[in-house]
Amino acid sequence: MSPQTSPIDRIREYADELTALRRDLHAHPEIGFEEVRTSGIVAEHLEKFGIEVHRGLGKTGVVGVLQGRPGARRIGLRADMDALPITEETNLPYRSTVPGKMHACGHDGHTTMLIGAARYLAETRDFDGTAVFVFQPAEEGLGGARAMIADGLFEKFPVDEIYAIHNAPHGPHGVLQVKPGPIMAAADFFDIRITGRGAHAAMPHQGIDPIVIATGLAQAMQSIVSRNSNPLKSAVVSITQVHAGAAYNVIPEGAHLAGTVRTFDAELRKLIATRIRELAAGFAAAYGATIEVDLRDVFSVLDNHPEQAAAAAEIATELFGSDKVEANTVPRMGSEDFADMVAAVPGAYAWLGATPGPGLHNASFDFDDSLIPLGAAYLARMVERRAAA
């Protein structure tokens with residue numbers, strides 16, 4: 001293909017506008033199901049492009065529908081909109097203006113890329129069938145995809161295929177990474193609440209110390225992966241929160257552990273859940289405490305469909321060159337609720353490498369704006385090619 005026919009060239013003509021938009025979104029982050037300003041900006045831009053807009057799907061989600069040339073095929077593109085409850089630690093001129101909230105995962109960039117793709121497709125209309133733009137709320141563990149699906153996403157806006165892209169701050173820059181089959185892990189979140197008996201710290205024999213129980217249980221849980229799971233199957237058990245006590249001289253009444261389990265295998269997922277409950281019951285019996293375990297299915301395994309993963313690699317090769325595509329990248333233990341969308345509709349999820357810098361969910365993270373025209377062009381070309389498939 002000649003450079004003149006690439007959507008990258010056209011999108012680069014308005015890349016400065018997209019960058020300004022992305023930085024505005026970055027400065028005004030909204031966490032899951034609170035994306036009122038963000039979704040309003042999305043809807044405003046889509047309407048300006050002449051795209052049919054539907055608001056309020058899955059609480060704060062937005063769907064845009066654009067008709068191209070006559071054709072039966074409908075291609076979906078999805079971007080996430082929510083920020084994280086993290087205090088930003090950058091000195092950027094467009095850093096977060098909202099205390100305790102920031103775009104530390106690049107969803108501001110993903111939203112901007114999809115707006116860029118929508119603008120390009122609305123201007124060119126060089127595709128058959130229909131493009132459906134899905135701007136999803138609450139990806140960060142709050143079930144935004146499930147909320148949109150429960151609200152009738154695919155009944156109201158049926159699609160034959162759906163695609164999404166995520167920035168990869170570890171790089172390599174401009175390299176699209178995709179694979180067929182499982183690409184991101186399932187995730188369970190857990191809360192373990194231990195109730196002992198409070199006492200004076202100088203008289204521990206009068207109490208049941210929940211902190212001793214919590215530390216022992218936390219250590220024992222780390223043996224689940226090393227001693228109970230098949231070493232050829234990937235799994236992670238991470239305790240990310242420990243809460244107990246408020247004084248130097250008081251043994252508290254209770255303690256709280258929280259964290260996450262990541263797996264690719266359904267049976268292993270069940271095994272780990274069972275072992276967590278068994279260990280908790282054993283520690284409760286051994287120490288005479290009460291332990292409650294709340295273990296929740298938050299993300300499914302993201303399983304790319306082979307045909308759509310191959311299409312993603314083919315289109316990236318066309319746009320970026322064969323040296324900029326990893327068509328069989330390694331799976332990641334992170335999780336992504338786009339999994340629920342590709343469980344309902346054939347689709348594929350890909351990573352786009354950024355200039356290496358602070359990682360995702362890091363207080364110093366910032367989205368690499370040079371990815372905007374690349375990601376937008378990839379999404380737009382996906383509609384042009386797959387709508388005619």
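**View 1. Polar contacts between domain 1 and domain 2.** Three residue pairs, both at pLDDT 80 or more, are in polar contact between domain 1 and domain 2; a polar contact is a pair of N or O atoms within 3.5 Å, where within protein one must be able to donate a hydrogen and the other to accept it, and residues adjacent in sequence count only if both atoms are side-chain atoms. Strand E7 (residues 181–184) gives the largest share of the side of domain 1 that touches domain 2, three residues. Strands here are DSSP runs of at least two E residues, and helices are runs of at least four H or I residues, numbered from the N terminus. This is a predicted model: local features need pLDDT of at least 70, side-chain atom pairs count only at pLDDT 80 or more, and totals for chains, interfaces and linings use all residues. Residues are numbered from 1 along each chain as its sequence is written, and side-chain values use heavy atoms, with hydrogens and water left out.

**View 2. The salt bridge across the interface.** Here you can find Arg 146 and Asp 297, whose closest N and O atoms are 3.1 Å apart. The rule finds one salt bridge between the two domains, meaning a side-chain nitrogen of Lys or Arg within 4 Å of a carboxyl oxygen of Asp or Glu.

**View 3. The open sheet.** Eight strands line up as E1-E2-E4-E3-E5-E16-E6-E15, with mixed pairing. E1 (52–57) and E15 (325–326) are at the edges with a single partner strand each, so one side of each lacks a neighbour in the sheet. Pairing requires at least two DSSP bridges between two strands. E2 (residues 61–67) and E4 (residues 128–136) are antiparallel over six bridges, and Leu 66 has Ala 131 in E4 as its bridge partner.
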